[in-house]
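Have the viewer open as you read.

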Amino acid sequence: MLDTFEILTTSGVVLWSRTYAPISPAIVNHFISNVFIEEKAAAAGAKDDQPTANNPPYKYDQHTLKWTFVKELGIIFVAVYRSLLHLSWIDKLVDNLKTIFVDLYGDQLKKPNTTIVHCHKFDEYFDQQYQELESRGTTKTTHAADTPLYFDEEATSGNLGDEPPLPPGLKQRLKPSAAAKDVSPPSEPTSAAASNISRPSTPSGNNHLLVGKNGPRMSRKARKMQHTHSAPASSGDEASSRKGKKAPKKGRRWDADGFADEEDDVQLDYSVTQNTLTSDSEIETVGRSTAIEGVDSTSWGTTTSKGQFVLKDLGDEVHSILKSAEAKNAASSTTSRGGLVGSGLSTIGGLFRNVVGGKTLTKEDLDKAMKGMEDHLLKKNVAREAAIRLCEGVEKELLGVKTGSFESIDSRIAKAMEASLTKMLTPTSSLDLLREIDAVTKPSATSMRKRRPYVISIVGVNGVGKSTNLSKICFFLLQNKYKVLIAAGDTFRSGAVEQLKVHVRNLKELTEREGGKVEIFEKGYGGDAATVAKDAVREAANEGYDVVLIDTAGRRHNDQRLMSSLEKFAKFAQPDKILMVGEALVGTDSVAQARNFNSSFGPGRHLDGFIISKCDTVGDMVGTLVSIVHATNVPVLFVGVGQHYSDIRNFSVKWAVEKLLSNS
Amino acid sequence: MASTPTMEDLKRALEYIFTPSTPVITVGLLIVFLAPVLVHLYITRQTPYTSLPFILLAGPSGGGKTSLLTLLERGDTAVKTHTSQTAHAVELTVSTDAGARTFREAARDDAPGSHKKFHLVDTPGHGKLRGAAMAQLVGDGKAGKTKTQFGDAAMLRGVLYVLDAATLDDSLADVATYLYEVLLALQKRAGAGRTSRSPNAVHVLIGANKLDLFTALPAAFVRSNLEAELGRIRQSRSKGLLDSGINTEEVGSEEQDSWLGEYGSEKFTFDQMKEFDIQVDVIGGSVLEGNVDKWWDWIGGRI
């Protein structure tokens, strides 16, 4: 079942957690860094307050994480369970707990300069919700145990229509395990429900076909199971509490509002525990009042009973919280603006706050300004796709935020955009090429690694400057006194090998004094590039070179025939770094180029970095940088800024962000 | 006619106001003098104004920064934590007269002795989010602009760099790179302050965390490993490529600045940072075992 449920803040503190089966903290850490920080998995709004069902579940290491996020308080709700199980009620659980937690502890969370939130009592609320939803996931089938099973199946399949089908083999295995693991099946109806848990995991499409012969067999099995399992399975705190009232559920009432299935647990409990009440009619009236007004029943509940009863009381409180939240939602969506005077006043106030600051940003405020920002980015040659994603991210981040004093909306947006660009372009790990080369070519005595040459290969579309950038990198390495072997992997275009030879001759002359050494490895034209690369690496290892630079033939990124040879190339040459050269000149196509190249090296191998060439030709319009990083999450290593061998630079995020946001 | 008396009243009131008399003049003067004061108060109340001194928690992800924060705040145990995404400040008190010797006593409400308040600022250590910590170090001079700004950069008293001593062998490169950035920022800060009023000396404590684990390196080894690695980084930085955006004319002035420690020296040691009023200490501890008293003493000495 559920492994762990955690409530944590964006600053990393776990406020509350419940663990049923211990999981590695790495799972949640991976989830946070991938979904929230690097925004890999969910391009669609990790910063948004949306119900759990809309957030894509995150899967890692055989576990599935369902989550939701409250932006203004900065808290994340995560439920972790085994991917093998399909728990349809988790979404509801996470959402309900979110509502309850925010309602109960929202004030505490708003306090500045502390991480302490007193929420020990939340255990009870959690248990209540957990029990209720877990049993409710199957209550629809419960009462139908003695009615025709056909109807039962209908309800189930209707309820869980979106459940992904499971292979039939799994069904048989799941059935006993579900019933055995379940915590709350002591009383007759609930245990029937527990055995019915197996049913939701059957393929819903098959249900109607299987009903005829499968139905009765299952019900018999369910009854048997209930007899065998009811005693040992009655562990768990609430299970024991329910033991006392073995009375079968009778007279299930359906409210006019359709609350019945939500409330029926509670109504049932009242009818059982309130045996002291004299007449049936009294019970009924009380039951009704609780169903309709949670608050009334709370006060009534505390005066009449105690102990066990607290739980019911809690259930009502929970329902009232949930209901009021629902009502608030509905109200906020339907309320129109105030009268003419009210709107006029608020407009004036808005204008005033526009200047002074302290204005709470709404969607209307942001829409227009965001459009301007989007246009600005498009003008900077950012691909439309990337610009829209950036703007959506910033808009979600700013929605409901108060501007600072004397801060206009535009400046607030610019600030948020700067932050989000910086975050996007900043690499996750350090990119010091020289230190990486040193680590490979001069391994420390303790690391037990063998010395080998460091292999860098360069790929890209035709004419972007692969050979030029290769020789620039080579020049840089030669200045640092490395021995470099250049492999001519372009065995296709005439003149490619000669071109490299010219570069090598020049570099030799330039670096004679410095002490570097460079040679070329070539096998002429027509050969297989992957084999040439492999031979070059072997040769370099034998001859004691430090670095191998492999040039490749330019290829169109949407030509399957040419791109497919890259996979073999990556396998043969085993490069430490695969760098792709992209032009700053190219526009929207950069996204597709980066994506196709990134996915062409086979499973488990991606690009390691980009070199953006011809940055000197575009001025401020360096949007290509953003487009390719957006498409691949691969960092930019170098930028080419001129025609000379020395015109290559480390990529500085600050520089790029400044250029992108400058207004000229 | 109902309107006539009101018109009369209005007329009389206007006449009274426009006639120079003591009460009218005093009220007028009061308004003239008080209005700006009130407006000023209103605006200053709106902006979060914090001038408490603060200690910055920095270090790579997974070192135990947030855990340490919760331990110091609660006083008994650290709570479970995950990767942080935002910076977070916590207000703590340290005793000035040895009334509460340990953080355990100081965390209590009725801690003995007299106290000084300060903020402990936790920052995310993930590679993409280190800007939050660096912004605190450099300080853009615009204090109290947003809520993420924890007071003035001038109020920075020290940096507690927390690292995981148990996995240092594998993560040394990353740990050292971040430390290099932090030290370089502090060095530049000290250098920039020299012309005008020198800012408060900011000392650095390197907290070698997780010493409860078997594989953890003792503080002395952590120190020597870090010094060697920082030296290597300094070496490769000096040989590396220029950053984009730096013109060739600026190179001469920039080079001197981006060399950490004594310029041109062969080996890097933390002692070289003393030249810039930065004292670097390495002290071991363990958050999970609550063995952080030495760190707390260091913090107490800084406030």
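How many residues of chain B are in contact with chain A? The count is 42 residues of chain B against 43 residues of chain A, where contact means C-beta atoms, placed from the backbone, within 7 Å.

## Ground rules

This is a predicted model, where local features need pLDDT of at least 70 and side-chain atom pairs count only at pLDDT 80 or more, while totals for chains, interfaces and linings use all residues. Residues are numbered from 1 along each chain as its sequence is written, with chains lettered from A and ligands numbered from 1 in the order written.

## The side facing chain A

On chain B, α2 (22-46), α3, β2, β3, α6 (168-193) and α7 (219-239) each supply at least two residues to the side touching chain A. Helices (H or I, at least four residues) and strands (E, at least two) are DSSP runs, numbered from the N terminus. The top contributor is α3(B), with five residues.

By type, that side of chain B has ten nonpolar, 21 polar and eleven charged residues. Nonpolar covers Ala, Val, Leu, Ile, Met, Phe, Trp, Tyr, Cys and Pro; charged covers Asp, Glu, Lys and Arg; the others, Gly among them, are polar.

## The sheet

Chain B has an open six-stranded sheet, ordered β2-β3-β1-β4-β5-β6 with mixed pairing; strands pair if DSSP finds at least two bridges between them. β2 (88-95) and β6 (280-284) of chain B sit at the edges with a single partner strand each, so one side of each lacks a neighbour in the sheet.

Inside the sheet, β1 (54-58) and β3 (115-122) of chain B run parallel, joined by four bridges; L56(B) has V121(B) as its bridge partner in β3(B). Helix α3 (65-74) of chain B packs on the sheet, touching β1, β2, β3 and β4 (156-164) of chain B, and its direction makes about 155 degrees with that of β3(B). Axes here are lines fitted to C-alpha atoms, for helices over the stretch in contact, with angles from 0 to 180 degrees between N-to-C directions.

Terms used. Two residues are in contact if their C-beta atoms, placed from the backbone, lie within 7 Å.
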